[in-house]
Amino acid sequence: MMKSKTDEEDYWNSSKCNAFTFDDEDDDFSRLKEQAVNSIRQLVEEDDDEDDVEKVSWSGEPVGSISWSVRETAASNQRTDREPAFPKIHTDTPTITKSASGYSLSSLFKGKTKGTNLQSFTESFNDASVRLYSPELRKPKSEYKDYISDWSPEETVQRIQQGKVVSLEKFRSLQDKLLLLDFAVSAHDGNVITAVLIYLKRTLCKDVLFRELESRQTALRHFIHYLTETRDQLLLLELLGALGRMEDMALLQYKEHLSITDENKRRDFLKSCLRLPFSPDDLAHVQDHYTLLERQIIIEATDGQAERGGKVEIFQKFPRRASILNMPLVTTLYYCCFYHYTESEGTYSSPANIRQTFRISEKQYFVTALAARAKLKAWFDVDTLFTSRNWLGFTRKKSPLSFQRVVDILQKNSAPTQVLQEYVGLVDDADLRISLAQKHKCHDIVINTYRDLKDRQLLLGYRGKVERGSAEERKINELLNNSQIRWKN
């Protein structure tokens with residue numbers, strides 16, 4: 001016998017075991033789905049005049065019926081009494097509710113709005129809260145043209161001048177590399193030429209590189225300068241040898257002595273350099289350098305021992321301040337004039353021996369000896385430097401320097417007035433002699449010069465500049481009272 005639908009529902013509801021339904025109150029997942037459906041239903045709900053379809057729940061009951069309302073009320077009360085099965089996720093993203101939006105889901109597709117005072121669809125996307133940002137796109141391939149394009153040698157040189165990054169690796173043939181070098185030379189830019197030469201040095205063998213540089217003198221000079229700055233001595237020597245520039249190669253090897261600190265090793269190195277193919281003038285210079293260093297080593301050893309022994313008076317009065325090793329020739333001559341002036345010509349430290357060995361000019365020797373002896377206040381030796389004899393045996397003062405410069409040297413070494421006066425009087429020009437005499441207070445020179453000029457007025461004026469009662473004032477009075485002098489004024 002068939003049961004009616006109402007009887008079947010009463011039977012199942014009165015049973016101790018409930019049958020499975022989609023709206024089971026204990027099924028949290030079903031309840032969550034139903035909440036989602038209800039939320040969607042609220043968004044897509046349309047006007048009553050447009051919605052003619054009957055709405056049902058997951059259990060098949062019509063939405064709005066009495067049984068559906070009872071179940072919804074019981075389910076909502078139960079949810080407030082216990083914790084939800086899934087944790088609530090908080091998010092900062094603003095949600096769009098029906099009250100905040102003037103659109104339903106159906107109106108979005110139909111292009112209709114619910115109210116007349118709402119924004120248009122396009123204006124809604126201008127809102128900063130719902131604005132979308134597209135991800136940054138890759139640069140177009142044209143932006144990477146500097147790195148991937150097949151530039152010609154001329155264009156490559158231009159881009160290097162502009163400071164742009166280019167690759168020289170694509171120039172692999174010898175012809176392309178030489179074209180690149182020629183365009184770099186034509187650009188007259190040393191940095192570009194050096195950059196290309198560095199690439200050629202790395203990619204070409206030495207023989208080919210040297211052969212091509214020989215016909216390109218501008219590039220060759222830049223390459224030699226680059227090797228010199230980077231101190232690539234071996235490659236530079238090979239280059240000069242391949243070009244047949246033997247003198248330059250010899251000078252380059254000679255410069256290596258600057259890096260040798262031990263004086264004995266440096267002396268031996270200089271001796272070995274004498275066999276290099278120098279020009280005659282350069283060879284004489286290297287020979288003098290070797291001889292001078294050899295002599296300095298001997299003098300330094302001898303004087304060091306004498307100074308430590310304490311038996312030589314001059315080393316006690318004037319201790320040496322520095323070593324003489326590796327000093328210039330003029331410094332060595334000054335040193336010998338200071339400490340070994342009276343030694344015989346046969347010794348290595350004799351100033352006369354040094355002058356003869358190294359062909360020092362008379363003027364250079366005179367200036368150096370004068371400065372050294374004036375420093376020691378050896379005025380007798382200073383006077384001897386100026387004394388010369390003629391073939392009749394007469395002596396006179398003679399100097400390869402102007403006596404004005406002699407006076408300056410003596411004054412810098414604090415020479416007394418009596419010494420200065422003797423050499424001021426030897427100045428030929430009267431005005432210059434008077435100026436120097438007044439500067440150094442050599443009154444006798446001024447008085448005698450005015451007397452020789454027979455200028456009474458200048459002599460009267462100068463009498464007011466000397467001390468009263470002094471010997472200079474008495475001398476001026478005697479000259480003024482001398483009736484034998486014919487004054488011109």
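In the predicted model, R216 is buried, with a relative accessible area of 17%. This value falls under the 20% limit for a buried residue. R216 forms a salt bridge with D182, and the closest N and O atoms of the two are 2.8 Å apart. D182 lies in helix α8, whereas R216 lies in the loop between α10 (206-214) and α11 (217-229), so the pair ties together parts that are 34 residues apart in sequence. The two partners fall into separate classes of accessibility: R216 is buried, while D182, at 30% relative accessibility, counts as partly exposed.

The structure holds 15 salt bridges in total. One of them joins E300 and R320, with 3.1 Å between the closest N and O atoms. This pair links distant parts of the chain, as E300 belongs to helix α15 (residues 280-309) and R320 to the loop between α16 and α17, 20 residues apart. Both partners are buried: E300 has a relative accessibility of 17%, and R320 has a relative accessible area of 18%. Another salt bridge is formed by R373 and D381, whose closest N and O atoms are 2.8 Å apart. Here R373 counts as buried at 8% relative accessibility, and D381 counts as buried at 17%. Salt bridges that share partners also join D182, R211, E212 and R216 into one network.

Leaving out residues up to four places away in sequence, K177 touches F171, R172, Y199, L200, T203 and L204.

Nonpolar residues form separate cores. The largest nonpolar core has 52 residues, and those with the most contacts inside it are L370, F386, L410, Y423 and L459. Helix α19 (residues 362-375) gives the most to this core, with seven residues. For L459, the contacts beyond its neighbours within four places in sequence are I447, Y450, I476, L479, L480 and W487. A second, separate core has 29 residues, among them L197, F210, A219 and L252.

Helix α21 (residues 403-412) has buried residues at F403, V406, V407, I409 and L410. Seen down the axis of α21, its buried residues fall within an arc of 160 degrees, so they line one face of the helix. Among the elements that cover these buried residues are the helices α19, α20 (379-386) and α22 (417-424), together with the strand β2 (395-397).

Just after α21, S414 takes a positive phi of about 60 degrees. Most residues other than glycine have a negative phi. Where else does a residue other than glycine have a positive phi? N326 has a phi near 60 degrees, and K454 has a phi near 55 degrees. N326 is placed in the loop between α16 (313-317) and α17 (329-339), and K454 is found in the loop between α24 (443-453) and α25 (456-463). Both count as partly exposed, with a relative accessibility of 36% for N326 and 39% for K454.

A disulfide is a covalent bond between the sulfur atoms of two cysteines. The structure holds zero disulfides. C336 is in no disulfide, and the nearest cysteine sulfur, that of C337, is 7.1 Å away. A disulfide needs two cysteine sulfur atoms within 2.5 Å, so this distance is beyond the limit. Are C336 and C205 buried or partly exposed? C336 is buried, with a relative accessible area of 0%, whereas C205 counts as partly exposed at 43% relative accessibility.

Terms used: Residues numbered from 1 in each chain as written. Predicted model: local features only at pLDDT ≥ 70, side-chain atom pairs only at ≥ 80, totals over all residues. Heavy atoms only, no water. Helix = DSSP H or I, 4+ residues; strand = E, 2+ residues; numbered from the N terminus. Buried < 20%, exposed > 50% of the residue type's maximum accessible area, 1.4 Å probe, protein only. Contact = heavy atoms within 4.5 Å. Salt bridge = Lys/Arg side-chain N within 4 Å of Asp/Glu carboxyl O. Core = buried A, V, L, I, M, F, W, Y, C linked by side-chain atoms within 4.5 Å. Arc of directions from axis to C-beta.
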